[in-house]
Amino acid sequence: MKKLTKKGKTALICGCIAAGAGLIALVLWFWLWHPEIHISEVSPSNGGSSKAALTDRNGDKCDWIELSNATDKERSLDGFSLSKEGKERFSLDGVKIPANGNIIVYCSKAGFDDEFKGAHADFNISKTGEDTIVLSYHGSEVEKVKLPQLDKGASYSRNADGKYYVSEQTPAAENAKDSLGDTVRFSKKGGYYSKGFDLKLSAGEGQTIFYTLDGTDPAASSTSTEYNGAISVDDRSGEENVLSAIDPQLITNDYNPGKVFLPKNDDVDKATVVRACAVGTSGKAGKTVTETFFVGLSPKDHNKLPVISVVTDPENLFDYETGIYTLGKVFDDYKAEHTDVPKNGSVPANYNQRGREWEKACHIEYYSEKGDMLLSQDCGMRIQGGWSRAEYQKSLRFYARGDYGAKRFKLPLFDGLTDSEGKKIKSYDTFVLRNGGNDTNYSKFKDPMLQSMVSGRLPDTQAGKACVLFIDGEYWGLYTLTQDYSEEYFSEKYGVPEDEVVFVKSDELGIGKESDMKLYTDMAEFITQNDMSAAENYQKACELIDMDSFIEYCAIEMYIFNTDWPQNNFACWRTRAVSGEPYQDGKWRFCLYDTESSCDHYNEKYINKSEFLYISEREGEGIADIILSLMKNDEFAARLGSVMVELGENELSYDNYKKTVGEYKQVYYAELLNYYKRFPTWASREECCDKMLERMDRFFKTRLEKIKKALDAEGIKY
């Protein structure tokens, strides 16, 4: 063999390198090449009229992703997968896509019935959370689409240039040519700022932005302004009141003229609310984005309490015919037919109407004690409460629904709450901002304090914590953020199905079917119409009521001498179906709420009255007859007495009261000054709160002694 020259060796080496590089390139080409498949449309909100309408295993409408084939050959999707970025991939093996056509991939975390054989991925797509959808081929990313926030029924679609835009839904069809409104982007997020700034808004190409500063929705408001340059966001201290300037005599039926007043401009802290939407080439507006800016304010200005900003069209609150915060037309219609109209919460008015038709759309933001925004979403709002709906400051209940956006408030509102499996509760479907009820103009913390003191006992209690509310950028006072007794509450706490929960509140069905009320009346009738001193009757009663829980419930209410009970403010729950599962035994269990009209709240009228005599005087009202009937049973009476004494020596002792009231006073007391300025009436912290706390102190100091005296008078051993 002829020996290679140096030049020949070099040529051989170069040839080998070239061949190796070519082989590597060929392998990479085979590995990275994929059919020309694209994500052509993503819909995180499937409308019922859509051609792509499909329900998942739970019966809910599915989200969906449309994939397109840009070639003139049918393609297999073997090797392809879909995922939300950073999450599990779902294979599309076995799926074929026609030439120059498309397919729909249905998406639902709940999964699908076994008989469904179409393309699917087991994840949900958020229309509010800006998810990123990833199409992969043999594990390598092919395409990534980050979604904006979208209104219900909108899609994110791909045009011929590979750019994405908001559009009408067009499943399995050519994408819409015109765009819907994009999601407006703000140069700054809502929150606390020490000084003013210029706020810039932006949206997609060809979009026109509109905004408002008065809480109205720019997509439909007559005050909407086209955005043509930065918006000046400044410190609004001392500016004239707007909603706070509405005559309180149009809002409340609980005060005579001269006993309720308008707040001063300087006594109402103010934020700037900016709402904006974009209009696309179709002429249709997209999702409205809302931000609240607290300029010149800090968490210290409201004693480092969490702040909730609620933004809604003012007409939702104050419109004469439909506003939920006013006396309105309902009151005037009643007044026209009655010569004597008392000043209290029993009189019909707009604010005490109930039902879904009196629920109003709003936007809510939650800011932590440190000023961090932890929640921002659209939701529903109603007025909450009984007689206290007639107060100057009213309670509010909030609902997360798919109609508004997210179905949950994804925030652990209350520390330490766990479900039946011991897992931390991180989201809610409803919650309440409570004004304090009978305690509205006193301490505001009496009910959450009393419930917290006995939260380790058997009856259900509600978690609560102090917070501050702003409505449309105006300070709306001190509230207690309160856990709601809802289907979710009982399902999470006891592990029972939500759709099996029956809840009765003050003789009215709160949760359940109309026919479920008979379950309650049958129980009440049996106990009140039969002799409970007979062992067999009492045993039957124990099958209808969780008697240990009921005894503790009555003992608590009687110990604190709640004068708004037992004729009112009682509630109980059970499951409709009876099974061998825990808490599905058909027994009624009672719940504490609105406990503040207690402990000599208004005066010391009942300071020497026996609680047993008080209940007997309520005969025929509420659950008084159930208690009086059961009291005829010696076992029930003896257990009730021993629990009352047990409470007085432990949870409801004077020492525990002093410790707990100090803790609550530290949280609420300073902010009460801001509240009284915002809602000026005859009341004050010194005349109302302080004197009530003095009465409550005297009540707890001597309560156990009086309980024992009352038990002795009734001949009840403890």
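This report walks through the overall build, the nonpolar cores and the salt bridges of the structure above.

**Ground rules**

What you're looking at is a predicted model, so local features need pLDDT of at least 70 and side-chain atom pairs count only at pLDDT 80 or more, while totals for chains, interfaces and linings use all residues. Residues are numbered from 1 along each chain as its sequence is written, and side-chain values use heavy atoms, with hydrogens and water left out.

**The overall build**

The protein chain carries 13 helices and 32 strands. Both are DSSP runs numbered from the N terminus: helices are H or I with at least four residues, strands are E with at least two. Along its principal axes, the C-alpha trace spans about 125 × 65 × 60 Å.

Of the chain's 718 residues, 53% count as buried. Here, buried means under 20% relative accessible area, exposed means over 50%, and partly exposed is in between (1.4 Å probe, protein chains only). The accessible surface comes to about 32700 Å², and carbon and sulfur atoms own 48% of that. Those areas come from the Shrake-Rupley method with a 1.4 Å probe; for residues, only the protein chains shown count as cover.

How much of the contact list comes from residues 24 or more positions apart? They account for 67% of the contacts with a separation of 6 or more, a contact being heavy atoms within 4.5 Å.

**The nonpolar cores**

In soluble globular proteins, nonpolar side chains tend to be buried together. A nonpolar core here is a set of buried Ala, Val, Leu, Ile, Met, Phe, Trp, Tyr and Cys residues joined through side-chain atoms within 4.5 Å. The largest one has 126 residues, and Phe398 and Phe550 touch the most other members. Helix 13 (residues 685–714) supplies the largest share of this core, with 11 residues.

Who sits around Phe550? Leaving out residues up to four places away in sequence, Phe550 touches Ile545, Phe590, Ile623, Ile626, Ile627, Leu630 and Phe636. There's also a second, separate core of 30 residues, with Val42, Phe90, Phe123 and Leu180 among them.

**Salt bridges**

The structure holds 39 salt bridges, each one a side-chain nitrogen of Lys or Arg within 4 Å of a carboxyl oxygen of Asp or Glu. Here are three of them:

| Pair | N to O distance |
|---|---|
| Asp131 and Lys84 | 3.4 Å |
| Lys423 and Glu421 | 3.4 Å |
| Asp447 and Arg434 | 3.7 Å |

Take Asp131 and Lys84: they link distant parts of the chain, 47 residues apart. Asp131 lies in the loop between strand 8 (120–121) and strand 9 (132–137), whereas Lys84 is in strand 4 (residues 80–84). Is Asp131 buried or exposed? Asp131 counts as buried because its relative accessibility is 14%. Lys84 is buried too, with a relative accessible area of 16%.

Asp447 and Arg434 are both buried. Lys423 and Glu421, by contrast, are both exposed.

Some bridges share partners: Arg356, Glu359, Arg382, Arg401 and Asp403 are joined into one network that way.

**One lysine in helix 12**

Lys658 sits in helix 12 (residues 654–678). With a relative accessible area of 41%, Lys658 is partly exposed. The C-alpha atoms of Lys658 and Met532 are separated by 39 Å, and the two residues are 126 apart along the chain.
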